[in-house]
Amino acid sequence: MIRGFKALDRVLRGDATRLPALRAGTIDVPARSVSRVLVLLGMVAGACTGIYAVITRHNMGGANTIMGWEQLLSSTIKVPLLFCLTLTITFPSLYVFNALVGSRLNILSMLRLLVAALAVMMAVLASLGPIVAFFAVSTTSYPFMKLLNVIAYSVAGILGLAFLLQTLHRLSIAMIEPPPPPPVPPEGAPGLTDEQIQELSRRYDGALDRLPPRQVDPRVRTIFRIWVIVFGLVGAQMSWVLRPFIGNPDQPFVWLRGRESHFFQGLADTLKHLFSW
């Protein structure tokens, strides 16, 4: 577990995604250790989400107190499950997109990259957990808590997917560029020298820093951006399928709600109810 946290720290600081580290054509992170860490962070985020049900139902008393703790347990399990299921559903499409654009990343490299991106999402989400828990203790508005959690999960998703796109860009640069030229290259020789690689690494050392575009086909960026949209849509609907995460205090606890409507309709109804006079 400690190894996983150290690897996650390297990812967050950008040490694992600098160009020299990507020369081998993959991101150097222990996927198993990081996977355990992201599950743990997801459970922490889920517990912070479920605190609202514990507080609200405890104040109602009776059997509601037990349902509050059941909701907390349910949310703790569902949050890491949400992201793992979304990854499972969307990974085949990412691999096919990756192959179509001619990338040389193999399936294990893609899996490592996605695990690292999910770890970034979970780290951001867990870091926002205390804020969600604070509002859970200080408000009784269920629509507000729903909207707050949507914002928190959206921020985590956006940052995680931004990390994914930037790392794919860096991998493309590291792998597409030809080997470094001789010590005294002829004038106009193509490719990045080791000195240029090191200079780019110093100037763009953050995990989300955008490198200047270089020899990356715009169609490649477009394909991966399309996949990011697919990932977001699947993740949003998956959260709707696995609901409730917060727990409506006016309804009895259930592990899963019935199949109805969709995420965006639910979000529109929440906004309408929250801002209605």
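What pLDDT does the chain average, and what share of the residues score at least 70? The average is 82, and 82% of the residues score at least 70. pLDDT is the predictor's confidence in each residue, from 0 to 100. Over residues 177–190 it is below 50. Beyond near neighbours in sequence, that stretch has 15 contacts in the model, a contact being heavy atoms within 4.5 Å.

Ground rules. This is a predicted model, where local features need pLDDT of at least 70 and side-chain atom pairs need 80 or more, while totals for chains, interfaces and linings use all residues. Residues are numbered from 1 along each chain as its sequence is written, and side-chain values use heavy atoms, with hydrogens and water left out.

Now Leu22. This residue sits in the loop between helix H1 (2–13) and helix H2 (31–60). Helices are DSSP runs of H or I, at least four residues, numbered from the N terminus. Is Leu22 buried or exposed? Buried, because its relative accessible area is 0%. The cut-offs: buried is under 20%, exposed over 50%, partly exposed in between, with a 1.4 Å probe and protein chains only. Thr167 is 145 residues away along the chain, yet its C-alpha atom is 9.0 Å from that of Leu22.

Next, the surface. Tyr95, Val96, Leu100, Ile107 and Leu108 form a nonpolar patch with about 490 Å² of accessible area together. Helix H3 (63–100) and helix H4 (107–138) each supply at least two of its residues. H3 gives the most, with three. Ile107 lies in H4. Ile107 counts as partly exposed because its relative accessibility is 43%. Nonpolar side chains are joined within 5 Å, like charges within 9 Å. Areas come from the Shrake-Rupley method with a 1.4 Å probe; for residues, only the protein chains shown count as cover.

Terms used:
Patches are made of residues with over 30% relative accessible area and no salt bridge: like charges are joined within 9 Å, nonpolar side chains (Val, Leu, Ile, Met, Phe, Trp, Tyr) within 5 Å. A salt bridge is a side-chain nitrogen of Lys or Arg within 4 Å of a carboxyl oxygen of Asp or Glu.
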